Amino acid sequence: MGPLSRDAWAQRLGAFRASPSAFMAGAEGEDLGRDLLGDLRSEKLSEQTKVSLLALSLEYPAQLWPDVSAAEVAATSLLDTLVLLPPRPSALRRPLLLAATTALAAGGALGPTSGASCRLLPLLLGLAAGSDLGRGFVPASEQRPLQATACECLRELESCKPGLLGGSLGLLRGLLGQEGPVQPLSLLLALALRNTLVLQSRVGAGLGGLLTDKVSPTGGGPWDWTLVEEGDGRLQPQAPSWPAAEEGEGERSLTAREHSPEEARELRAAVIQLLDTSYLLTPVAQAQLLWLLGWALRGLQGQPPALFKPQLVRLLGTAQLTLLHAVLALKAAFGEALFTAQDEALLLRRLTLAAQHPALPPPTHLFYLHCLLSFPENWPLGPEGEEAAPLLLGPQLCRGLLPSLLHDPMALLARLHLLCLLCAEDEEEEKGQLPSPRHYLEELLAGLRQRAALDEGPRALATVCFQASYLVTRCLAGQPTVLTPLIHGLAQLYRVRPMLASHFVDFLDQVDSELREPLKVVLRQEVVSRPGRDEALCWHLKMLAKVADGDAQSATLNFLQAAAAHCMNWDLQQGLLRVCRALLRAGVRGGLVDLLQVLARQLEDPDGRDHARLYYILLAHLAGPKLGVALGPSLAPPALASSLVAENQGFVAALMVQEAPALVRLSVGSHGVKGPLPVLKLQPEALEPIYSLELRFRVEGQLYAPLEAVHVPCLCPGRPARPLLLPLQPRCPAPARLDVHALYTTSTGLTCHAHLPPLFVNFADLFLPFPKPPEGAGLGFFEELWDSCLPEGAESCVWCPLGPQGLEGLVSHHLEPFVVVAQPPTSYYVAIHLPPNSKLLLRLEAALADGVPVALRTDDWAVLPLAGDYLRGLAAAL
Amino acid sequence: MAQRAVWLISHEPGTPLCGTVRFSRRYPTVEKRARVFNGASYVPIPEDGPFLKALLFELRLLDDDKDFVESRDSCSRINKTSIYGLLIGGEELWPVVAFLKNDIIYACVPLVEQTLSPRPPLISVSGVSQGFEFLFGIQDFLYSGQKNDSELNTKLSQLPDLLLQACPFGTLLDANLKNSLDNTNFASVTQPQKQPAWKTGTYKGKPQVSISITEKVKSMQYDKQGIADTWQVVGTVTCKCDLEGIMPNVTISLNLPTNGSPLQDILVHPCVTSLDSAILTSSSIDAMDDSAFSGPYKFPLTPPLESFNLCYYTSQVPVPPILGFYQMKEEEVQLRITINLKLHESVKNNFEFCEAHIPFYNRGPITHLEYKTSFGQLEVFREKSLLIWIIGQKFPKSMEISLSGTVTFGAKSHERQPFDPICIGETAYLKLHFRILDYTLTGCYADQHSVQVFASGKPKISAYRKLISSDYYIWNSKAPAPVTYGSLLL
């Protein structure tokens, strides 16, 4: 495709700017970056059009060249275009430099391996130094502006890759001392100096000769990237630790190393050089210089902050926002080292007067007011990070900063905050200040409410009234002298303008219970004392749904009954039902049953009737707490923004059993051997309080008879629970796996179902003793059992390894209850009853040091391998 | 200290979007730093469309504030500065510096060089003040001498080129965009060394210095027990120094006559090189006493090329220039009004104009008026419910004039008559508008001897003075009126 015409480009750029993402997604998107680079060299396009193309690339490089390699290609192409420009003045050189810089920095291509970077950096430095680049590269008339532009480009690259110009400090200093353009060089030097200080001290190196070497870092050779690499390309914030975060990164690294006297002297000289010519900079540039130098020198040995002192008086006198802000930054950086108590007081006074000076615009006032309340005091008393009036800012100073109804909302709120802070302090001080700030505050709030009550007033008037009230409750919580009139004032406001119900509901949601509860009471009184049929009924219902609770039931119900007759449309009926719902949740039952019955019959809208009936059924069938949960806010976000859907989901959540992760753990304890059946002793443990726990067990493979469920009324974490006994009825004497399910209610009232990890019933858990034979008849009893096993049963001999405790230890530990005949420590006869009706008999005799041969008989073939495994495992279990 | 993006948006109530983005500029290299500095809390700069919508919503400039919207109207969403968080696509873009002036919204997003969660205090974000200065600079450029929409459009179309000079990478180099304009225009002029960055060229021609002092007087008068009337003078001294040389040194002094009122709260232009501590400390915050510094107020400076505001000051003169009372009573269907105005004898009785505007808010159109005045003429704007009493160039010899009468109103119609949230019921004011040339209330003046120029050639000095009223209110003394804390300090 050939080059586009000027108009075609204008159209294309317009389409792109209207929505870059849409354009790039379209058919033309892909080619835009390439076309742009190509057409910059077209001879058919005017310079003006090309400048507009470059302007686009300055703003949207990421869209035009989305990856690193594309950015590198673009930067190379831009540099080629620059080099190919004919040697006459052109409007393209500046934007081409800016565009190449932007493409590299924003595209992430800037680095030692990038060819474009290695071309651009020496070019920029050469331009900045005003060197002759040969072949009429820079026409004389453009040299000065390009010098400044090159400095700006280098500064941007240094910002994105700190340390880039570490090797050029001496050169830049030399240029600043000669004829170079003051502002671009000053800012560049200050930034490079600050970054170098941070990086060098991080690696424990000094400045060395960096400030004095006047050789270009390229010196014909490659660019020096060492300092950049030492810094890992980490960006450097300007004010790294304001507010004084404990030993901020910047500070620590700067104090890490002292500079040699010579280095310190050079550094001081460079800083003084920068500060002395700073008045030649524009105010915004002066401010940047102060921010950079202030935080660079903070905590640096041998660099007294007094260096800044000569600048301060000049700066304090100005009305410039950036300059005063920079002074505050110096204040935060150096504190008492630069500002004595008197200086601090003066700064506060200048700030105070700037915050109200009629010659300054309102946004400036507001920012200064913020600065006052966040003022970096030498000796702050209050907690860090909280807005507070500085100690030196007494009532006298604040006089002109107090709010009045004539202020716009933001100024009013900002000043109101200050007034609240004064009122909070005032409580501790002696009375006698006239007029008292608190009285003034009350009048002001009354005025705001009066405005909010205006019938035709815009919503903003109501909003600011509630915001002011909220601010006051936050700042002056716990002061009944303020809160009581506020509550009554708001109740009165509601009486006059019930359509502000939404604001009241929001206000009730936001404030602490200290204010919320009494305000609810008076608002409820306001509503229920109405006849229930005025035109504001929908607002009253909205309000009541928020404030109705168990108190004043009869008045509330009377109001609703009266209102029901007037709820003709769907909205009102829904409003009415919402109040019923709130009452249900609050546990109101008596009169509500009647009301719901009436509504279920009378409401015109079938949906309303259905809901009333549903509430009635819920009320009749659910216990209090369950009802509360059923009607509580839905846990799942509704898929549709319909109240019915939301409500329905609430019911679903509350009335159905929820699948949940297990909040209870079970472990098998030591097993008991009393009674006719083996009993598993279970130890439950809850992770959260749970109620009405039902544990259900299922035996896999039907090896035992079905198990009864176990019930536990309540389990709490950290409170030891009684062990649960689970009797087993084996159908055959075999170990088994139990599947466990838990059903419980959480403290939020939800019923949950959880699958617990399975429990294992071991072979030994089934052991029961035989009835004890009379004294002395043991041997005979055992022999009888022994003989009865054969011929149907089986016999075997197993080597049972012994641990260090020997045979005696083994028996006492595992088989004690089943021993029938014992001749310690050499011989034990053991008889085990395995329900339902098997037996296992063991003779342990003639033990050796490492084991004992066990002769065993059983009347059940199937038991034999289990018994063998059991015996072999005993030693390991010891 | 840099900006990620800047926007100019015209506010167009009544249109579907309620506004149009007239200009926007993004700074991708700053954006890249923002992504690194902000880390997980980084929120990208949105495209113009979503930004416009979110900003207008936050500033309450959409036409739909009928319903309560929690994200805007909740009582806990308190904004105390012109710096906002905008909800865009579920994320909050912060900090957005924005303000509305003359139906244009100026907005920018400063870079914050740390994580945004928790939000750092604004005072620690260097880009915030720079952002304000940037926007003020654009505002000055657009509105200096601008008369109509086409001029505004021309200036808007110049902005991209100007910002290429004044803010090529998002870090503002000069808030005075006119300097950049001159730079673009005279790029070929070789600049001499050590040229201040705020001075783009040198003056060639006859040396002359012009100093003009404009004082505005505001007042709140209540005529009530327990509430003090207040008034204040705010002065602006504007200079234009046409002097040869790169950095001519000039000292300009402001003088007061013996009975003049001391200047206070002095804020100076950054070109002033040093300040006397007496100037720095004289402040209206302190109780006045006889020892207050009363000049001469010397300002040594190296002037920029263009006209600049040398300083601003305030002053507390002993009496208001015009003392008045206004009484308004509702009598069944009509209002009875009585007004009395008295010019203080010390004030120059030679006005360029003097009028009293008497608005009636929250009422219908004026249907009937009967009045008697001792001086001047009364104009009636029936539909606007406004009376203007034209007093003219001079008060009569007695220095005192009065107006009384009754006004009847028709039925209210919301579109026509103005709504006012303060003037409810009998709460009402009249507002004085006047201008006196070659006069200042404080007595402050600059003359031939006030200017010292350390440069070749004796310049021609011209000095101008004028007094203008501004927010000069006289409240109905028969009804409650909004007071400031200062009025309660008797």
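## A tour of chains A and B

Start by selecting B:Tyr429, which sits in strand β19 (residues 429-437) of chain B. Helices (H or I, at least four residues) and strands (E, at least two) are DSSP runs numbered from the N terminus. Before you go on, note that this is a predicted model, in which local features need pLDDT of at least 70 and side-chain atom pairs count only at pLDDT 80 or more, while totals for chains, interfaces and linings use all residues. Residues are numbered from 1 along each chain as its sequence is written, chains are lettered from A and ligands numbered from 1 in the order in which they are written, and side-chain values use heavy atoms, leaving out hydrogens and water.

**Around B:Tyr429**

B:Tyr429 counts as buried, at 10% relative accessibility. Buried means under 20% relative accessible area, exposed over 50%, and partly exposed in between (1.4 Å probe, protein chains only). Show the side chain of B:Tyr361 too: it makes a polar contact with the side chain of B:Tyr429 at 3.0 Å. A polar contact is a pair of N or O atoms within 3.5 Å; within protein, one must be able to donate a hydrogen and the other to accept it, and residues adjacent in sequence count only if both atoms are side-chain atoms. Leaving aside residues up to four places away in sequence, B:Tyr429 also touches others, including B:His357, B:Pro359 and B:Trp475. Contact here means heavy atoms within 4.5 Å.

**On to strand β17**

Strand β14 (residues 353-359) of chain B pairs with β17(B) in the antiparallel sense over 5 bridges. Two strands pair if DSSP finds at least two bridges between them. Now select β16 (residues 377-381) of chain B, which also pairs with β17(B) in the antiparallel sense over 5 bridges; here B:Phe381 stands opposite B:Leu386. Strand β17 (residues 386-390) has 4 of its 5 residues buried, so it is largely enclosed by the rest of the structure.

Zoom in on B:Ser385, in the loop between β16 and β17 of chain B. B:Ser385 has a positive phi of about 55 degrees although it is not a glycine, and counts as buried at 0% relative accessibility.

**More backbone stops**

Most residues other than glycine have a negative phi, and most peptide bonds are trans. Select B:Cys18 for another positive phi, near 65 degrees. B:Cys18 is in the loop between β1 (3-11) and β2 (19-26) of chain B, and is buried, with a relative accessible area of 3%.

Next, find the peptide bond from B:Trp94 to B:Pro95, which is cis with omega near -5 degrees; B:Pro95 lies in strand β4 (residues 91-101) of chain B. In chain A, a cis peptide bond joins A:Pro835 and A:Pro836, with omega about 5 degrees. A:Pro836 is in the loop between β12 (827-834) and β13 (838-844) of chain A.

**Last stop: A:Thr81**

Select A:Thr81 in helix α6 (residues 68-84) of chain A. A:Thr81 counts as buried, at 5% relative accessibility. The side chain of A:Thr81 makes a polar contact with that of A:Arg41 (3.0 Å). Not counting residues up to four places away in sequence, A:Thr81 touches A:Leu40, A:Arg41 and A:Leu96.
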